[in-house]
Amino acid sequence: MHLYFKPGACSLAARIVLTELNVPFEATQVDTKTGLTAAGADYRSINPRGYVPALVLQDGTVITENPAILQYIADRHGDEAQQPAAGTLDRARLHEALNFVSSELHKAFSPYFGERPLSQTEKEAAEAVLARRIGDVASMLADGRSFVLGETYSVADAYLFVVLNWARFVGLDLSRWPQVERYVSSMASRPAVRKAMADEGLIEKAAA
Ligand SMILES: N[C@@H](CCC(=O)N[C@@H](CS)C(=O)NCC(=O)O)C(=O)O
């Protein structure tokens, strides 16, 4: 498998899942601004939409879109705990969470990652939307659950963690939502998460 990524971007979720499941993979960094891979190849010939992640299978088949990539990896390499069986309520909950992260939470960060810095008014508007969505995460975690599905780690946690972790890059203090702050710091301490982040140069590599 081959993962196309940008350090710290949403593609980190797939790297976390591949690392958690000990799936061998190669990774190539993409500059989404120039549309070139680290080797100078045209990334749009892999994902015509130009954004990361893209997962390329052994036979050259390309999968894009985080929820599809994460579920594919877990279906092929995970156990039923990480990826509940199709038709179960837990599987519906997993879809619910992946779709929420993808279409609501992830997109609430989009204004911060545009071509130019936000004006004060735009910043306040973006922060109001983002705060509402992080509040939704806080409500989901309010019963004390450790993970999206309860006490069982799933691929939705990898994606949720990666997106929530952007809060510190945009200067949003998560201490307003103590359960969310606890969730992020607990996820950040998982060995696979640490390794994946170190492999993208986001944190120091652990001493061997
Ligand atoms: N719907 C896509 C969104 C992917 C996405 O937003 N990727 C961002 C990084 S988190 C990106 O590559 N942005 C660069 C660009 O759009 O040019 C998915 O879920 O995979």
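**Loops, ligand and a buried helix end**

Student: Between which strands is the loop that holds Pro 53?
Tutor: Let's start by noting that this is a predicted model. Pro 53 is found in a loop, and that loop runs between strand S3 (36-37) and strand S4 (54-56).

Student: What kind of peptide bond joins Val 52 and Pro 53, cis or trans?
Tutor: Most peptide bonds are trans. For the bond joining Val 52 and Pro 53, omega is about 5 degrees, and that bond is cis.

Student: How far is the side chain of Glu 65 from a nitrogen atom of the ligand?
Tutor: Glu 65 is found in the loop between strand S5 (62-64) and helix H2 (66-77). Its phi is near 80 degrees, a positive value in a residue other than glycine. From an N or O atom in the Glu 65 side chain to a nitrogen atom of the ligand, the distance is 2.5 Å.

Student: Is Glu 65 buried, exposed or partly exposed?
Tutor: The relative accessibility of Glu 65 is 32%. Buried needs a value under 20% and exposed one over 50%, so Glu 65 counts as partly exposed.

Student: Is Asn 22 buried or exposed?
Tutor: Asn 22 sits in the loop between helix H1 (12-20) and strand S2 (26-31). Its phi, near 55 degrees, is positive. The relative accessible area of Asn 22 is 69%, and because the cut-off is over 50%, Asn 22 is exposed.

Student: What is the C-alpha separation of Phe 109 and Val 163?
Tutor: Phe 109 belongs to helix H3 (residues 89-109) and is buried, with a relative accessible area of 0%. Its contacts beyond four places in sequence include Val 163 and Trp 166. Phe 109 and Val 163 are 54 residues apart along the chain, yet their C-alpha atoms are separated by 8.2 Å.

Technical notes:
Residues numbered from 1 in each chain as written. Predicted model: local features only at pLDDT ≥ 70, side-chain atom pairs only at ≥ 80, totals over all residues. Heavy atoms only, no water. Helix = DSSP H or I, 4+ residues; strand = E, 2+ residues; numbered from the N terminus. Buried < 20%, exposed > 50% of the residue type's maximum accessible area, 1.4 Å probe, protein only. Contact = heavy atoms within 4.5 Å. Polar contact = N/O pair within 3.5 Å; in protein donor to acceptor, adjacent residues only side chain to side chain.
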